[in-house]
Amino acid sequence: MDKIAVIYWSGTGNTEAMADKVAEGIEAAGATADKYFVTDFSMDKVDDYDKFAFGCPSMGSEVLEEGDFEPFFTEIEGKLKGKKVALFGSYGWGDGEWMRDWEDRVRDAGATLYDEGLIINETPDEDGEADCVAHGKGFAQF
């Protein structure tokens, strides 16, 4: 089964909670989930994974977090060709434009995008947690 990197940024804990549940779903499907806060992932590990689940909340005017996550994603973007990628993140406002833009970037990088990015308003409730677990399970089997 696959070894999957779950890489996320979270400021309030909402996207971290999502990352925990996505990783739980990956493990429940029989794959290995290695979870990293974005600043803890080293680019020399990219080749260790065929699949990446990235998590980042919507910030500002519906963009990825700009201090750590955006520079990281810009760097890894060029290494995603041929990889399978899942996206997830929380938001407090807007209509999901940041996720649609992020999905386009993944496709443009030559990666295979799993489903639509999973977005949850604020803190995941019980249903949101179940959606995250299902997202992780589905991605592990993708």
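Q: So angles under 35 degrees count as roughly parallel. At what angle do helix H2 and helix H3 pack here?

A: Keep in mind that this is a predicted model. In it, helix H2 (residues 69–77) packs against helix H3 (residues 97–108) at about 25°, and their axes are 10 Å apart. H2 and H3 are therefore roughly parallel to each other.

Q: Okay, and what is the handedness of the crossing of H2 and H3?

A: That one is right-handed.

Q: Which residues of H2 and H3 meet?

A: On the H2 side you'll find Phe69, Glu70, Phe73, Thr74 and Glu77, and they meet Trp102, Arg105 and Val106 of H3. Sorted by class, the contact of H2 with H3 has 4 nonpolar, 1 polar and 3 charged residues.

Q: Now the other pair. How do the axes of helix H1 and helix H4 cross?

A: For helix H1 (residues 14–28) and helix H4 (residues 126–141), the axes cross at roughly 45° and come within 7 Å. H1 and H4 are therefore oblique to each other. H1 passes H4 in a right-handed crossing.

Q: Which residues make the contact of H1 and H4?

A: H1 brings Met18, Lys21, Val22, Glu24, Gly25, Ile26 and Ala28, while H4 brings Glu129, Cys132, Val133, Gly136, Lys137 and Ala140. By class, the contact of H1 with H4 splits into 7 nonpolar, 2 polar and 4 charged residues.

Q: Let's talk pockets. How much space lies in the largest pocket?

A: Rolling a probe the size of a water molecule over the atoms shows where empty space is left. Here, the largest pocket holds about 170 Å³ of space.

Q: What lines the largest pocket?

A: Its lining has 14 residues, and Thr12, Asn14, Pro57, Ser58 and Ser90 lie nearest the centre. H1 and strand E4 (84–91) each supply at least two residues of that lining.

Definitions and conventions
Residues numbered from 1 in each chain as written. Predicted model: local features only at pLDDT ≥ 70, side-chain atom pairs only at ≥ 80, totals over all residues. Heavy atoms only, no water. Axes fitted to C-alpha atoms, helices over the stretch in contact; angles between N-to-C directions. Helix = DSSP H or I, 4+ residues; strand = E, 2+ residues; numbered from the N terminus. Parallel < 35°, antiparallel > 145°, perpendicular 65-115°, else oblique. Left-handed = near helix turned anticlockwise from the far one by under 90°. Contact = heavy atoms within 4.5 Å. Nonpolar A, V, L, I, M, F, W, Y, C, P; charged D, E, K, R; others polar. 1 Å grid on protein atoms, 1.4 Å probe; cavity = no way out; pocket = protein on both sides within 12 Å on 5 of 7 lines; lining within 4 Å. Points joined across faces, edges and corners; volume = space filled by probe spheres on them.
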